[in-house]
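Good morning, and thank you for coming. Please look at the sequence and the structure while I speak.

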Amino acid sequence: GDIAGEGLIMTLNDQVQFVEGEERGYHDELVNPAMNYVDNQDRVLILGGGDGLALRDVLRYPVNKVILVDLDPVVLDLAKKPPISILNEYAMYDPRVTVIQGDARKFLAENVNAQWNVVIVDFPDPTYKGIIDLYSKQTVAALAKVIDRGGIISFHGTSNLKVAAKTLALLKHHFLYTKAFRRPFKFIGNTVFLLASQRPLVLSE
């Protein structure tokens, strides 16, 4: 559907996933601080983000390998077709990209020895149990194992401040350096973004 003057809108389980008029601002905050932080942008893992919009922004950097893992086959299919494929600039078809339909937690458990320079966590807001479980100590512990020593995690901290605070506390347990910042969005609400690394978070403006 669409909202007058805002273009395409995508919902999942009655929750707004993105609005075309503001999605670039959201993905700027989710992707660019992390990608600009690392010295090596070679290997990037995206968990969630099945619409391909975070992927689109990641591919603007000199990456060699990107894996995108999303549970929802419907969203992944929509991302490969207009109008969403136009918005994501056909990112799902880039030869550097491997798309996996599956559970992010299962992927992490089966790939504990993989080392990523950047991990982008773009899970939906936790409005029901299956999503709430993604914002867990098990997920954060698994993420800590697969991030390169000089790498960074960018986590969609959601518009739920309790969830954001809990997730930040979990990140602090596993990472030496963390940062949280909040940005206002008209339709998805004031959204928290979380960053975590084992080295100081000196970020490019």
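Which residues does leucine 201 touch, not counting residues up to four places away in sequence? They are Tyr37, Ile152, Tyr177, Thr178, Lys179 and Leu195, where contact means heavy atoms within 4.5 Å.

Before I continue, a word on the source. This is a predicted model, in which local features need pLDDT of at least 70 and side-chain atom pairs count only at pLDDT 80 or more, while totals for chains, interfaces and linings use all residues. Residues are numbered from 1 along each chain as its sequence is written, and side-chain values use heavy atoms, with hydrogens and water left out.

Let me finish with leucine 201. Its place is in the segment after S10. Helices (H or I, at least four residues) and strands (E, at least two) are DSSP runs, numbered from the N terminus. Leucine 201 has a relative accessible area of 19% and is therefore buried; buried means under 20% relative accessible area, exposed means over 50%, and partly exposed lies in between, with a 1.4 Å probe and protein chains only. Leucine 201 and tyrosine 37 are 164 residues apart in sequence, yet their C-alpha atoms are 7.7 Å apart in space.

I now turn to helix H8. This helix covers residues 161-174, which is 14 residues. From first C-alpha to last, H8 reaches 20 Å, close to the 20 Å expected at 1.5 Å a residue; the expected span is 1.5 Å times one less than the number of residues.

Which residues of H8 are buried? They are Val163, Ala164, Thr167, Leu168, Leu170 and Leu171. Seen down the axis of H8, these buried residues fall within an arc of 160°, so they line one face of the helix. The arc is that of the directions from the helix axis to the C-beta atoms. On the face turned away from the buried side, H8 carries the exposed residues Lys162, Lys172 and His173. Alanine 169 is also found in H8, and with a relative accessible area of 46% this residue is partly exposed.

Threonine 167 deserves a moment of its own. This residue of H8 counts as buried, at 1% relative accessibility. A polar atom of its side chain lies 2.8 Å from the backbone oxygen of valine 163. Leaving out residues up to four places away in sequence, threonine 167 touches Tyr135, Phe155 and Leu194.

What do the buried residues of H8 pack against? Their partners are helix H7 (137-146), strand S8 (147-158), strand S9 (177-183) and strand S10 (191-197).

Let us take H7 next. H7 and H8 pack at an angle of about 35°, with their axes 9 Å apart. Axes are lines fitted to C-alpha atoms, for helices over the stretch in contact, and angles run from 0 to 180 degrees between N-to-C directions. In this pairing, Lys137, Val140, Ala141 and Ala144 in H7 meet Leu170, Leu171 and His174 in H8. The buried residues of H7 are Thr139, Val140, Ala142, Leu143, Ala144 and Val146. Those residues pack against strand S4 (43-48), helix H5 (104-110), strand S7 (116-122), S8 and H8.

Histidine 156 has its place in S8 and counts as buried, at 7% relative accessibility. Beyond its neighbours within four places in sequence, its contacts include Tyr26, Leu30, Asp122, Tyr135 and Val192. Phi of threonine 158 is near 75°, a positive value in a residue other than glycine.

Glutamate 89 also has a positive phi, near 55°. This glutamate sits in the loop between H4 and strand S6 (97-101), and at 42% relative accessibility glutamate 89 counts as partly exposed.

Finally, where is proline 83 placed? It is in the loop between helix H3 (73-78) and helix H4 (84-87). A cis peptide bond, with omega about 5°, joins proline 82 and proline 83.

Methods. Polar contact = N/O pair within 3.5 Å; in protein donor to acceptor, adjacent residues only side chain to side chain.
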